Amino acid sequence: MQITSEALERAIEELARLPGTGRKSAQRMAIHLLKQSDERVLKLADALVQLKKSVQRCSVCGTITDRDPCAICSNAKRQTGVVCVVEEFQDVFIIEKTNEFRGRYHVLGGVISPLENIGPDDIRIKQLLERIGSGDEQIEEVILALNPDAEGEATSYYINKLLLNYDVDVTRIAYGIPMGTELEFIDEATLSRAFASRASF
Ligand code: ZN
């Protein structure tokens, strides 16, 4: 095969590195971009450059933001005494979409995982304790919203144990049956958790 455009080849190679993108779709994207106006393509290129340049971590909660502190931490209308602990910043977006939670967040940036050599000091647990201990936000409740897998569970237990030394209520989101699912399709672990976290009707 002879390549007539090194530039096109390079674009295809880079696009093919994106998750869920094979060489074929990378090629389609590159050719599509080639057919667009200069302005359109420069806008995309600029958005990507800005993504890397402007996005940083919020020094309070650890989510990604263009301005520090983030829009949630600096919003006076948000409830200050309640902090929801999540694994990754993507979880903040997911919970925000529900419009259910009006407090603030704390992004751990991972979970404790001995298999992957990730210990308590490698995630933002210390920062959580500092937030609670400083008293600045008058945190009264910490909601644990980690994933219900082995690492998420272990991390929740670890944090809960540490928080026994603080004057805060520790709660966790209920795990159970997804909406629209029939009982016969639920696995035993999920069903027993749903029973354990049952709430008054
Ligand atoms: Zn923040």
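Is Val41 buried, partly exposed or exposed? The first legend answers this for the predicted model.

**View A. Val41 in helix α3.** Val41 is found in helix α3, which comprises residues 38-54. With a relative accessible area of 29%, Val41 is partly exposed, because that class lies between the limits of 20% for buried and 50% for exposed residues. When neighbours within four places in sequence are left aside, Val41 is in contact with Leu33 and Gln36.

**View B. A nonpolar surface patch including Leu48.** Leu44, Leu48 and Leu51 form a nonpolar patch on the surface. Together these leucines have about 280 Å² of accessible area. One of them, Leu48, lies in helix α3.

**View C. Donors of the zinc ion.** The protein donors of the zinc ion are the SG atoms of Cys58, Cys61, Cys70 and Cys73, lying 2.3 Å from the metal. Along the chain, the donors follow the spacing C-x2-C-x8-C-x2-C. The angles subtended by the four donor atoms around the zinc ion are 106 to 115 degrees, so the arrangement is tetrahedral. For four tetrahedral donors, the ideal angle at a metal is 109.5 degrees.

**View D. Ser113 in a loop.** Ser113 lies in the loop that runs between β4 (104-107) and α5 (125-134). The relative accessible area of Ser113 is 3%, so this residue is buried. Not counting residues up to four places away in sequence, Ser113 touches Ile118 and Glu151.

Note on methods
Residues are numbered from 1 along each chain as its sequence is written. This is a predicted model: local features need pLDDT of at least 70, side-chain atom pairs count only at pLDDT 80 or more; totals for chains, interfaces and linings use all residues. Side-chain values use heavy atoms; hydrogens and water are left out. Helices (H or I, at least four residues) and strands (E, at least two) are DSSP runs, numbered from the N terminus. Buried means under 20% relative accessible area, exposed over 50%, partly exposed in between (1.4 Å probe, protein chains only). Contact means heavy atoms within 4.5 Å. Donors are N, O and S atoms within 2.8 Å of the metal (3.2 Å for Na, K and Ca); water is not among the atoms, so sites may look incomplete. Four donors count as tetrahedral if all angles lie between 85 and 135 degrees; four count as square planar and six as octahedral if opposite donors are over 155 degrees apart and all others between 65 and 115; anything else is irregular. Patches are made of residues with over 30% relative accessible area and no salt bridge: like charges are joined within 9 Å, nonpolar side chains (Val, Leu, Ile, Met, Phe, Trp, Tyr) within 5 Å. Accessible areas come from the Shrake-Rupley method with a 1.4 Å probe; for residues, only the protein chains shown count as cover. A salt bridge is a side-chain nitrogen of Lys or Arg within 4 Å of a carboxyl oxygen of Asp or Glu.
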